[in-house]
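Here is a short briefing to read alongside the sequence and the 3D view. Keep both open as you go through the points.

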Amino acid sequence: MPLISKVGRRKFRVKLVLLTIGAFLWIGVILRMIPLWWMFITSIKPAEEVYLIPPTLFPHRPTFAAYKIIITLSGYISSTGAYSAHPGWMTYPMYVYLKNSLIITFGTMILQIPITALAAYAISKLESPRWSRILFLFFIGTMMIPGQIALIPTYLLIQHFPFPTRSIPYIPFTKIKWPAFNLFNTYFAVIIPASFSAFYFLLFKGFFDTVPDSILNAARVDGASELSILRRIVMPISKPVFAAVSYFSFSAAWNSYMWPLMVLQREKLYPMSVQLARISRLLSGQTMDVRGRGGLTEDLTKMIELGWSWNGLMAMSIVESIPVFVMFIVFREYLMTGIKLRGFK
Amino acid sequence: MKEKARKESQKRKSRLAKIFMSPAILIQFFFGWLPIGMAFAVCLFHYHVLKPEEYVGLANFQDLFADPLTFQVIKNTFIYTGMSLAIFLLPVIVSILLMEMNKSTIRIMMYLWFFPIASTASIVIWKWMYNTEYGLLNSILMSLGLPTLRWLNDPRLVIFCLILPGILMYGPSLIYLATIQSIPDELYEAAELEGAGFWSKVWHITLPRMRPVLAMMLLLSIIGSMSVFSQPWILTHGGPNNASMMVVMRIVNLAIYNMRYGKGTALAIILFAILMVIIIIQRKYFKEDIDR
């Protein structure tokens with residue numbers, strides 16, 4: 001509700017205050033729109049126009065050439081040859097990276113949401129009080145500990161699950177190694193560590209705690225099984241929290257950058273976020289990515305010859321942002337009603 | 001008899017609960033607790049490329065403290081965190097002021113202020129804006145007749161440049177809006193009857209009501225900034241001359257690119273210790289619950 005009372009709104013001083021607030025908000029909106037406008041117009045510029053000084057704020061010849069190129073192009077940018085052992089810059093057409101992003105994101109959501117929700121429901125409604133207190137701490141304890149400490153052990157763990165060591169240990173008294181799974185360079189390396197989240201667990205549990213026990217007990221008396229209670233009663237009323245968690249989970253997985261960068265080291269598996277960052281590094285001439293391998297300028301020249309530079313990158317940024325924006329619109333109403341954060345109680 | 005039936009049903013529920021929880025317990029054990037515990041072991045070893053690892057005690061920590069880069073990355077990270085706290089309040093202020101507009105304006109503005117774009121995309125856009133030759137910012141400066149800046153190549157400016165992309169990623173702001181809208185109107189009406197003005201309403205009602213959310217968001221924001229990775233990694237990769245090298249970047253560099261798992265984990269444990277101190281201070285002095 002507006003805090004400035006309705007009664008005095010005609011007064012000059014109050015009007016002035018309201019006007020100032022409005023001006024502040026609109027100026028902020030404009031400032032916030034500038035980078036997005038810059039992204040959009042760069043993406044519809046032809047290659048020559050991208051490198052004009054001063055840059056044009058309205059493209060002289062708007063064209064969708066950049067979009068066409070990022071969709072079709074593949075396997076050419078590499079001074080060492082497109083199909084050599086060295087990774088190229090954009091060896092595959094964009095849909096490959098988009099597909100990787102989608103697999104990682106939806107794989108994460110499909111595992112993470114049910115696993116977390118079931119655990120929260122069990123703790124909140126099914127488990128005996130003594131056990132639920134212990135397990136509650138077990139589940140949310142990791143949230144209190146900053147995750148970076150587990151970075152390297154998890155990185156080692158991924159390479160031969162379930163051993164967080166550099167090499168697989170031997171079975172005692174033998175020369176045989178324990179069986180282990182190498183998840184490195186697979187989608188599972190990103191999906192499985194994210195498939196339980198302490199933060200979403202807390203959101204779910206906070207919501208399930210507000211569902212009155214009497215409803216569930218009434219259903220139990222009527223002979224409903226626990227599963228049908230979950231499906232018919234709990235699920236429908238928890239729509240807002242499921243929506244909020246889906247949105248958070250989606251954007252966290254879609255935007256994840258560091259972990260995919262570390263555990264997916266083949267270009268074929270890169271999600272959009274990693275690929276975008278690589279291309280941006282090529283375009284600004286930062287060679288850290290290709291240590292010991294020359295030919296950066298040649299790669300760049302080749303790209304520009306093909307009509308593809310920052311305009312292509314900006315087109316890719318727009319493509320990467322569309323799902324985020326769509327999810328925002330879809331879940332907005334639920335988000336507004338669904339997330340009442342309660343803090344850590 | 002009844003007691004027995006109740007116990008029986010609790011037992012049945014508990015059994016089902018165990019089934020429901022089992023995947024979460026497995027994941028939480030293997031990817032939650034096991035790596036955290038293991039970190040305290042990994043930091044005590046030196047990992048050779050070909051030979052098996054060797055127990056070196058606290059040598060990794062000594063190694064870190066002898067390295068001036070360690071202090072530099074910690075300093076950089078603190079500067080970054082301090083600067084990003086300066087924009088922490090911006091979405092809160094915007095959310096509060098937004099409520100003063102009329103209904104239709106709120107709807108439009110909410111989209112314009114808060115719609116998110118993919119985080120890598122926003123970082124990449126800023127990288128293009130900062131471009132010293134063809135970027136937008138320098139061309140604006142030039143058209144105003146001002147000297148151009150070197151942005152990401154300027155060691156004194158670079159950390160300030162790193163926080164700006166955060167302004168484009170307004171994900172959590174919806175939480176503020178939702179919290180503000182959930183404050184009961186009666187509170188404001190009562191305050192109005194007693195003659196409270198705009199500022200006293202904000203100060204005595206809105207902010208205290210938002211306190212639990214603000215406390216949590218502040219904590220998450222501090223933890224997030226202290227462990228920042230993607231902005232500096234994508235924008236500068238630590239340069240120029242390590243002026244924007246952050247703790248987590250250093251950890252990743254050590255571990256992934258130099259195979260120094262022990263030293264990297266030791267640095268992670270130092271970061272962990274710093275963060276724990278911050279968390280404890282914050283939880284002690286910033287009580288979450290207004291009713292307590």
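Which domains does the domain assignment of chain B give? It gives domain 1 (1-42) and domain 2 (60-121 + 159-285); the bounds come from an automatic or database domain assignment. This is a predicted model: local features need pLDDT of at least 70, side-chain atom pairs count only at pLDDT 80 or more, and totals for chains, interfaces and linings use all residues. Residues are numbered from 1 along each chain as its sequence is written, while chains are lettered from A and ligands numbered from 1 in the order in which they are written.

**Chain A overall**
- Chain A has 15 helices and zero strands. Helices (H or I, at least four residues) and strands (E, at least two) are DSSP runs, numbered from the N terminus.
- Of the 345 residues in chain A, 40% are buried. Buried means 20 or more other C-beta atoms within 10 Å of a residue's own; exposed means 12 or fewer, and partly exposed lies in between, with C-beta atoms placed from the backbone.
- Take the contacts in chain A between residues at least 6 apart in sequence: 66% join residues at least 24 apart. Two residues are in contact if their C-beta atoms, placed from the backbone, lie within 7 Å.

**Confidence**
- Chain A has a mean pLDDT of 81, and 86% of its residues reach 70 or more. pLDDT is the predictor's confidence in each residue, from 0 to 100.
- Confidence in chain A is lowest in helix α14 (residues 296-305), at a mean of 70, and highest in helix α7 (residues 188-191), at 93.
- The pLDDT is below 50 over residues 76-86 of chain A; beyond near neighbours in sequence, that stretch has 22 contacts in the model.
- Residues 288-293 of chain A also have pLDDT below 50, with six contacts beyond near neighbours in sequence.
- Where pLDDT is low, the predicted coordinates should not be read in detail.

**Where the chains meet**
- The contact takes 85 residues from chain A and 91 residues from chain B.
- α1(A) gives the most to the side of chain A that touches chain B, with twelve residues.
- By class, that side of chain A has 59 nonpolar, 19 polar and seven charged residues. Ala, Val, Leu, Ile, Met, Phe, Trp, Tyr, Cys and Pro count as nonpolar, Asp, Glu, Lys and Arg as charged, and the others, Gly among them, as polar.

**Cores and chain B domains**
- The largest nonpolar core has 138 residues. Such a core is a set of buried Ala, Val, Leu, Ile, Met, Phe, Trp, Tyr and Cys residues joined through C-beta atoms within 7 Å.
- The largest share of this core, 13 residues, comes from α4(A).
- The core draws at least three residues from each of domain 1 and domain 2 of chain B. The C-alpha centres of these two domains lie 33 Å apart.
- Ala122(A) is among the residues with the most contacts inside the core. Leaving aside neighbours within four places in sequence, Ala122(A) contacts Glu127(A), Ala17(B), Phe20(B) and Met21(B).

- α13(A) has twelve residues, and twelve of the twelve are buried. Among them are Arg278(A) and Arg281(A).
- Just after α13(A), Gly285(A) takes a positive phi of about 70°.
- Ser132(A) lies in helix α5 of chain A. Ser132(A) counts as buried because it has 20 C-beta neighbours inside 10 Å.
- Leaving aside neighbours within four places in sequence, Ser132(A) contacts Ile123(A) and Glu127(A).

Definitions and conventions: The expected span of a helix is 1.5 Å times one less than its number of residues.
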